[in-house]
Amino acid sequence: MTGRKTRAGRAGAVVLACWMLSGSGEAPAAQSSCDAIPRPAFCTAVRGDRAEGWLAQSRSEVMAPHGMVVASQPLAAQAGLAVLQQGGNAIDAAVAAAAVLNVVEPMMVGVAGDLFTIIYVAKEKKLYALNASGMAPSGATLAHFAELGYHADPANWGPGSGMPGGGILPVTVPGSVWGWEAVLKRFGTKTFNEVLAPAVDYAENGFPVSERIAHDWVLPPALPLRGCCSERDPDSVKTWYIAGRPPAPGQRFRNPDLARTFKLLQQQGADAFYRGEIAKAIVAKSTALGGTMTLDDLAAYKGQWVEPASSSYHGVDLFELPPPSQAWGTNEILNVLEACVPKWAPGQTLASLGPSNPKYWHLLVEAKKLAYADLYKYNADPDTSPVPLARLLSKPYAESLCGKVNPDRASVRGPKGSNDGNGDTIVLSAGDRDGNMVSWVNSNFDEFGSGITVPGYGFILHNRGSLFTLDPRSPNAIAPHKRPYNTLSAGFVMRDGRPLMTVTLMGGDMQAQGHAQILADVFDLGANLQAASDMARFRHSQIPNVLRLESSLFRLVGSRLTAMGHDVRSANGKDLGGVQWLMYTPDAASPTGGFYRAGSDHRKDGQAAGW
C-alpha cells in the first residue's frame, strides 16, 4: 500500500459480499482468510519448521538444468516456462511472463507503464541494459502545474515534491510496449503473436485471484484535475471491479478489453499502441481529463540502450541500472560498506556481526542514508542533467564518506519531512539453456498507477511522473519530454567475466536499499537465494527518517536500534518488497554445462518454475 491510498471499507463483510456472479466474476469456493470477520481460528497458529537447514526458510531453492522463470504469480512464471519449453529463449519468456502479469497482477504492471531490463546475451558474452521509461508529455511544464495550483512542497526535499500522486497529471508517455518489442526484435526468437498468446487466454477466459493479489486490488482516487485526488475514475471501477467491488480471493476475473489490446499488438506490433487506435484512445482519455499528452508525444517515443552502472564487491562485479533509475544507489551502498565497516567496527565484518546484532543493521541503514542523500541530490534524466556517476561510484569517494557516520548513533541527513517513498511494481528473472539471462522490472509505479483507465482497452495509465519535482532548482524538475527520477531497479552480478545471477526486488524506494540487503545476505552472510529472499529486511524512508523493520526483526533488535537514535516502526512484508531472482551454477558433469537455482519471495504469490 502506498502512502497516497487507503483501504477503508475492506472489511470481511465486504469481501464476502463480492463473492457473487456478475459481469467479470464467478463465485469462488468457500475459503477462509485472516482478513475475514470473524477471524478464523487458524490465524492464531505458529509457523512450522523445515526438516533441515535454516528452520525459518520457506522452501528450498528451485533448481533446474534447462531453464528457469521466476515471477510474482505462478501463472506468469509457468507461461514463461512454456515459452522456454517450446524453443523460445529467456527474452521471449520474459515478455510472455510480463504480459501475463498485466492480467493477473494488474495493479502492479501494465502496457502503459515503464520497463527497464538488463540482459546477458550468451553468444556475445555481453550485458545489455534497456531504459524504456516514460517521458513527460508536451504540456508538462512548471508553469502549467502552477496554474493548476501545484507547487513544490517544502516538507519534501526529495523526488515528488509538490506533484499530485494520481490522476492524469503524473502520467508520462508509456515505454513498456516499445521495450517489449525492442527486446524481442533485438534478442528474441518469437513474435508478439506467440509470446502474448498466454496473456490473451487469461484475459479472455479469466483466472482465480490469489489471496495476496486480492489484498492489493484497491483502486486509488484519480479525480478531479485540481486538488487531486478524491474520486475514482468511473472507467477504472467498470474495468477492475466486479459489481462495484474488488475481486475476492478465489474469484474469477476477466478483462476482455485487455485481450483486445493484446490482439492489436499481435496484429500490428507496437505501432498500434504508439500510432494506431490505442494511441488515439489514450489521448482521448487524457484530453477529456485535462491532460496534455498528444499523438505526436506517443509517436515520437523511443527507449534507450544504456551502459549499466558498475562496481565490485567481495570479488564479484555488480551491474545496476544507471540514471534516471535509482538502482546505482546499490553500488554506492555496497562500496560504502566495503570501505567503511572496517573503520566503523574494527576487527569485525558484517558476517562476524551477524543479523542478530543491532550494529549490523545500524551500519546497513547508515550506508543506505549516505547513498540516498546522493540519489536525492543528483539523480535525474541524464540527457538533461548529467549525473557524476564515475565519481560517486569510485572507491575513494566511498572512503571519503566513512567519517560521516557515527558507528553508535543514528544520523539525520536532512530536515524531517513527509514523503515515504512507497511504490509498487513487478520484477522477474529468466534464464535459458543457452545461458541467456534476463533481469526485468516493469511497473505502473503505484498500485493501479494513476487510477485512470483507457476505456475499451483494459489498461491503467501509470503515474511515474509523480516522481518529478516542482522545485525549479532541482535537476529532477518536470519539463516536457524529460524522464523523471525512477525507483525501478534491476541488477546483474558477474564473476570473473561470467554470468552469475540476476538481482531483482520490487517496491518503490525499497528497491536499491533492498538490492544491497539481499546481496549482503548472499556475499557476506552466505545465504542461498531462497534464504536471502526469506530473511527479514528493513526499509528506511529518507525524508521522514523513519526505519521500518519486519515484525520479527523489530522484536529482535528494534528497542536497541531505538536506543541508538533510530525512529523505528514495526512493519509487515508488504512494505519490504518482493524478490524474484536466479543464479547460474556451472557443472562440468551436466549435459547442459550447468544449472539454474532460484528463489521466489514468500511475501508475494510467486513461483520459480524450471525444467
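**View 1. His 566 is a buried residue in the loop between α21 and β18**. At 6% relative accessibility, His 566 counts as buried (buried means under 20% relative accessible area, exposed over 50% and partly exposed in between, with a 1.4 Å probe and protein chains only). This is a predicted model, in which local features need pLDDT of at least 70, side-chain atom pairs count only at pLDDT 80 or more, and totals for chains, interfaces and linings use all residues. Residues are numbered from 1 along each chain as its sequence is written, and side-chain values use heavy atoms, with hydrogens and water left out. The loop of His 566 runs between α21 (551-563) and β18 (567-571); helices (H or I, at least four residues) and strands (E, at least two) are DSSP runs, numbered from the N terminus. Which residues are in contact with His 566, leaving aside its neighbours within four places in sequence? They are His 362, Val 365, Glu 366, Lys 369, Ala 410, Leu 547 and Leu 561, where contact means heavy atoms within 4.5 Å. Val 546 is 20 residues apart from His 566 along the chain, and their C-alpha atoms are separated by 7.4 Å.

**View 2. Asn 545 has a positive phi in the loop between β16 and β17**. The phi of Asn 545 is near 55°, a positive value in a residue other than glycine. Look for Asn 545 between β16 (538-541) and β17 (546-550). Its relative accessible area is 18%, so Asn 545 is buried.

**View 3. His 314 also has a positive phi, in the loop between β8 and β9**. Here phi is near 50°, again in a residue other than glycine. Is His 314 buried or partly exposed? With 38% relative accessibility, His 314 counts as partly exposed.

**View 4. Ala 490 is buried, with a relative accessible area of 0%**. You will find Ala 490 in the loop between β13 (459-461) and β14 (491-495). Ile 118 is 372 residues apart from Ala 490 along the chain, yet the C-alpha atoms of the two are separated by 6.6 Å. Ile 118 is also one of the contacts of Ala 490 beyond its neighbours within four places in sequence.

**View 5. A cis peptide bond joins Leu 223 to Pro 224**. Omega of this bond is near 0°. Leu 223 is found in the loop between α8 (211-216) and α9 (234-240), and Pro 224 lies in that loop as well. Leu 223 has a relative accessible area of 16% and is therefore buried. Not counting residues up to four places away in sequence, Leu 223 touches a run of residues from Cys 228 and Cys 229 through Ser 230, Glu 231, Arg 232 and Asp 233 to Pro 234, along with Leu 289 and Ile 452. Ile 168 is 55 residues apart from Leu 223 along the chain, with 8.3 Å between their C-alpha atoms.

**View 6. Pro 38 and Thr 44 lie in the loop between α1 and β1**. The peptide bond from Ile 37 to Pro 38 is cis, with omega near 0°. Thr 44 sits between α1 (12-17) and β1 (62-64). Is Thr 44 buried or exposed? Its relative accessibility is 68%, so Thr 44 counts as exposed. Cys 34 and Thr 44 are ten residues apart in sequence and 9.5 Å apart in space, C-alpha to C-alpha.

**View 7. The whole protein has 21 helices and 21 strands**. This last view puts the close-ups in context. The C-alpha trace spans about 65 × 60 × 55 Å along its principal axes. Of the 611 residues in the protein, 63% are buried. Among contacts with a separation of 6 or more, 72% come from residues 24 or more positions apart. The mean pLDDT (the predictor's confidence in each residue, from 0 to 100) is 94, and 95% of the residues reach 70 or more. Over residues 1-30, however, the pLDDT is below 50, and this stretch has 77 contacts in the model beyond near neighbours in sequence.
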